[in-house]
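Subject: Structure handover

Hello,

Please take over this structure from me.

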Amino acid sequence: MNHTTATSPIIVAIDGYSSSGKSTMARRLAAEIGYRYIDSGAMYRATALYAMRHGMTRPDGTVDARALTAAMPQIHIDFRPEPGGTQHTLLNGEDVEDEIRSMAVSSIVSPVAAIPGVRHALTAMQQSLGRDKGIVMDGRDIGTTVFPDAELKVFVKASAQTRAQRRLTELLAKGVSTNFEEVLANVVSRDHIDETREESPLRCAADAIVLDNSTMTAPEQDRWLMDQFLKTAAERP
Ligand code: CDP
């Protein structure tokens, strides 16, 4: 069956904790069904990088919320497709894909994402990207705030240890110098900031399907998500 043309396009929202493997499963599903994939976390990361570069972050790990909110109209984020089905994030036209995955950006991104002015601007961009549906978007608040009417919502979780180990393997493979303790501390701290912020905190939407993928392999996870998509699509008029 051709999944793309069988039914009218829907919105797939995949939320969950940091390093839970959401992005990988979201990207693979999108490629398989011919939908556009948007990594909303990359948009927060690019904004955090902009703040770092423009002297809006302080040595104590806080961010100048007022200056960054005022700068939001100057921040343009795009995605450029790459061979192999991946994509690179562009910040005002510059490819910043590697830089936004650094530990320096990871350590400041959650405070940046807690700023209401940042969230409002990025939420509006994300909603406009999904106007025509046919999109898979992953993040923290996609099913709750960005697309509360998404036809399929998934919430992914796994133990902090499992997630930190996965992220460590990924970072070491990219040649980033780090260790398990540093990655675990970052994962736990981002979870805490994301769950406790005032504006659009990380929450499981009431109508989301919860997936604990702690003991699942990547192909098992892909199959599970495809099954959910097909089920949702089959229930559509
Ligand atoms: O890939 P990982 O799960 O480590 O994080 P990410 O998806 O790249 O997102 C980085 C950070 O952006 C998160 O820790 C959140 O603080 C923030 N974020 C958010 O607040 N809302 C979203 N929709 C997506 C990301």
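Predicted model: local features only at pLDDT ≥ 70, side-chain atom pairs only at ≥ 80, totals over all residues.

Residues are numbered from 1 along each chain as its sequence is written, and side-chain values use heavy atoms, with hydrogens and water left out.

**Ligand site**

The ligand sits in the largest pocket. A pocket here is an open set of points on a 1 Å grid over the protein atoms alone, where a 1.4 Å probe fits, with protein on both sides within 12 Å along at least five of seven lines. To sit in one, a molecule needs more than half of its atoms within 2 Å of the grid points.

The shell around the ligand has 19 residues. A residue belongs if one of its heavy atoms lies within 4 Å of the molecule. The closest are R45, S110, R119, R190 and D194. Helices α3 (40-53), α6 (103-113) and α10 (180-196) each give at least two shell residues. The largest share is from α3, with 4 residues. Helices (H or I, at least four residues) and strands (E, at least two) are DSSP runs, numbered from the N terminus.

- R140: a backbone N or O atom lies 3.1 Å from a ligand nitrogen.
- R190: a side-chain N or O atom is 2.8 Å from a ligand oxygen.
- R197: a polar side-chain atom is 2.9 Å from a ligand oxygen.

On its own, the ligand has 530 Å² of accessible area, and the protein covers 98% of that. These areas come from the Shrake-Rupley method with a 1.4 Å probe.

**Aromatic pairs**

There are 2 aromatic pairs in the structure. Rings of Phe, Tyr and Trp (its six-membered ring) pair if their centres lie within 6.5 Å; planes under 30 degrees apart are stacked, over 60 edge-to-face, and the rest tilted.

Take Y17 and F155. Their ring centres are 5.8 Å apart and the planes stand at 85°, so this pair is edge-to-face. Y17 is in the loop between β1 (11-16) and α2 (22-33), while F155 is in strand β7 (residues 152-157), so the pair ties together parts 138 residues apart in sequence. Y17 is buried at 17% relative accessible area, and F155 is buried at 4%. Buried means under 20%, exposed over 50%, and partly exposed in between (1.4 Å probe, protein chains only).

Now Y35 and F229. Here the centres are 5.7 Å apart with planes at 85°, so the pair is edge-to-face. Y35 is in the loop between α2 and β2 (36-39) and F229 is in helix α11 (residues 218-234), so parts 194 residues apart in sequence are tied together. Y35 is buried at 9%, and F229 is buried at 1%.

**Single residues**

Most residues other than glycine have a negative phi. K133 is not a glycine, yet its phi is positive, about 60°. K133 lies in the loop between α7 (116-129) and β6 (135-139) and is partly exposed at 35%. S200 also has a positive phi, near 50°. S200 is in the loop between α10 and β8 (209-212) and is buried at 13%.

Last, M52. M52 is in helix α3 and is partly exposed at 31%. Its C-alpha atom is 15 Å from that of A42, 10 residues apart along the chain.

Best wishes

Definitions and conventions:
Polar contact = N/O pair within 3.5 Å; in protein donor to acceptor, adjacent residues only side chain to side chain. 1 Å grid on protein atoms, 1.4 Å probe; cavity = no way out; pocket = protein on both sides within 12 Å on 5 of 7 lines; lining within 4 Å.
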